[in-house]
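Subject: Structure handover and findings

Hello,

Here is the structure we talked about. Please open it alongside this note; what was found follows below.

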Amino acid sequence: MEFKDVVRRRRMVRRFDQRPVPIDVMDRILDTGRRAPSAGFSQGLELLVLDTPDTIAEFWSITRDPLFPWDDDDVAAGPTVLVLPLPDKSRYIERYSQPDKIAFGMDDETHWPVRFWDIDAAMSSMLMLLAAVDEGLGGWYFGIVHGERELLDRSGVPAHLRPIGIIGFGYRADDEEPQGSWTKRRRRPFEEQIHRNGW
């Protein structure tokens with residue numbers, strides 16, 4: 001598939017067929033995510049993959065917000081693989097403490113103009129969403145509003161790490177229909193968003 005077609009076809013999918021994603025397909029998606037930009041080549045991204053029926057069911061149970069619970073039908077048609085991108089800022093601080101980077105002064109977290117560990121994790125997430133389209137899968141990026149630390153502790157994730165979100169992967173369900181804000185709002189015109197050589 002041409003890259004421009006991958007980009008145009010990418011959208012969030014929320015209903016999935018429940019057949020499992022082959023490990024080799026998922027590994028190609030994960031490996032694509034590992035090739036995202038990484039400040040100083042710090043490689044400070046960990047990817048927690050949940051891909052068994054038990055770990056997926058546990059995810060939905062732990063993250064079910066009592067005030068705004070997951071809809072049972074949505075859970076039944078949820079992704080068959082969940083990936084948690086976990087940036088590790090300590091790897092960035094350590095990398096920028098090395099002789100070839102120390103002059104930048106970013107061996108101290110407060111000196112970073114932006115949190116590159118989160119940005120790099122977001123770029124990795126985007127690459128994985130695009131790779132999923134190329135592999136014939138759907139992808140869904142969403143957040144955890146309840147039970148995050150319990151989930152991480154249950155999975156043995158070190159205490160200093162937390163995800164920037166969750167990415168669900170799987171085959172689109174036959175009855176999956178486009179939804180979300182983009183179906184009700186127009187895309188801003190190109191000329192309105194692009195500012196060449198000034199505002």
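One definition comes first: buried means under 20% relative accessible area, exposed means over 50%, and partly exposed lies in between (1.4 Å probe, protein chains only). By that scale Asp153 is partly exposed, with a relative accessible area of 48%.

Two notes on the source. This is a predicted model, in which local features need pLDDT of at least 70, side-chain atom pairs count only at pLDDT 80 or more, and totals for chains, interfaces and linings use all residues. Residues are numbered from 1 along each chain as its sequence is written, and side-chain values use heavy atoms, with hydrogens and water left out.

Overall layout

The protein has 8 helices and 4 strands. Helices (H or I, at least four residues) and strands (E, at least two) are DSSP runs, numbered from the N terminus. Their order from the N terminus is α-α-β-α-α-β-α-α-β-α-β-α. The C-alpha trace spans about 55 × 45 × 35 Å along its principal axes. Of the 199 residues, 39% are buried. Contact here means heavy atoms within 4.5 Å. Among contacts with a separation of 6 or more, 82% are between residues 24 or more positions apart.

Cores

A nonpolar core is a set of buried Ala, Val, Leu, Ile, Met, Phe, Trp, Tyr and Cys residues joined through side-chain atoms within 4.5 Å. The largest one has 19 residues. Leu50, Phe59, Leu82, Leu84, Leu86, Phe142 and Ile166 have the most contacts inside it. Two or more residues each come from β1 (45-50), α3 (53-62), β2 (81-87), β3 (138-142) and α7 (148-154). Helix α3 gives the largest share, 4 residues.

What does Ile166 touch, leaving aside its neighbours within four places in sequence? Its contacts are Phe59, Leu82, Val83, Leu84, Trp140, Tyr141, Phe142 and Ile144. There is also a second, separate core of 15 residues, which includes Val25, Ala131, Leu137 and Tyr171.

Helix α2

Helix α2 covers residues 23-33, and its buried residues are Val25, Met26, Ile29, Leu30 and Gly33. These residues lie on the same side of α2, because they cover an arc of only 135° around the axis. The arc is that of the directions from the helix axis to the C-beta atoms. The cover over these buried residues includes β1, β2, α6 (116-134) and β4 (166-170).

Salt bridges

The structure holds 19 salt bridges. The criterion is a side-chain nitrogen of Lys or Arg within 4 Å of a carboxyl oxygen of Asp or Glu.

- Asp175 and Arg15 meet at 3.3 Å, N to O. Asp175 sits in the loop between β4 and α8 (190-193), Arg15 in the loop between α1 (3-9) and α2, 160 residues apart. Asp175 is partly exposed at 46% relative accessible area, whereas Arg15 counts as buried at 18%.
- Arg154 and Glu58 meet at 2.7 Å, N to O. Arg154 is in helix α7 and Glu58 in helix α3, so this pair ties together parts 96 residues apart in sequence. Arg154 is partly exposed at 47% relative accessibility, and Glu58 is partly exposed at 29%.
- Asp153 and Arg149 meet at 3.0 Å, N to O. Both are in helix α7, and they are separated by about one helical turn because they are 4 residues apart. Arg149 is partly exposed, at 29% relative accessibility.

Salt bridges with shared partners also join Lys89, Glu109, Arg115 and Asp118 into one network.

Not counting residues up to four places away in sequence, Glu148 touches Arg162 and Pro163.

Cavity

A cavity is a set of points, on a 1 Å grid over the protein atoms alone, where a 1.4 Å probe fits but cannot get out; lining residues have an atom within 4 Å of a point. Grid points are joined across faces, edges and corners, and a volume is the space filled by probe spheres set on the points. The structure holds 1 cavity of 30 Å³ or more. The largest cavity contains about 40 Å³ of space. Its lining is Arg10, Arg11, Leu129, Ala132, Val133, Leu137, Gly138, Gly139 and Arg172. Two or more lining residues each come from α6 and β3. Helix α6 gives the most, with 3 residues.

Best wishes

Notes: On a 1 Å grid over the protein atoms alone, a cavity is a set of points where a 1.4 Å probe fits but cannot get out, and a pocket is an open set with protein on both sides within 12 Å along at least five of seven lines; lining residues have an atom within 4 Å of a point.
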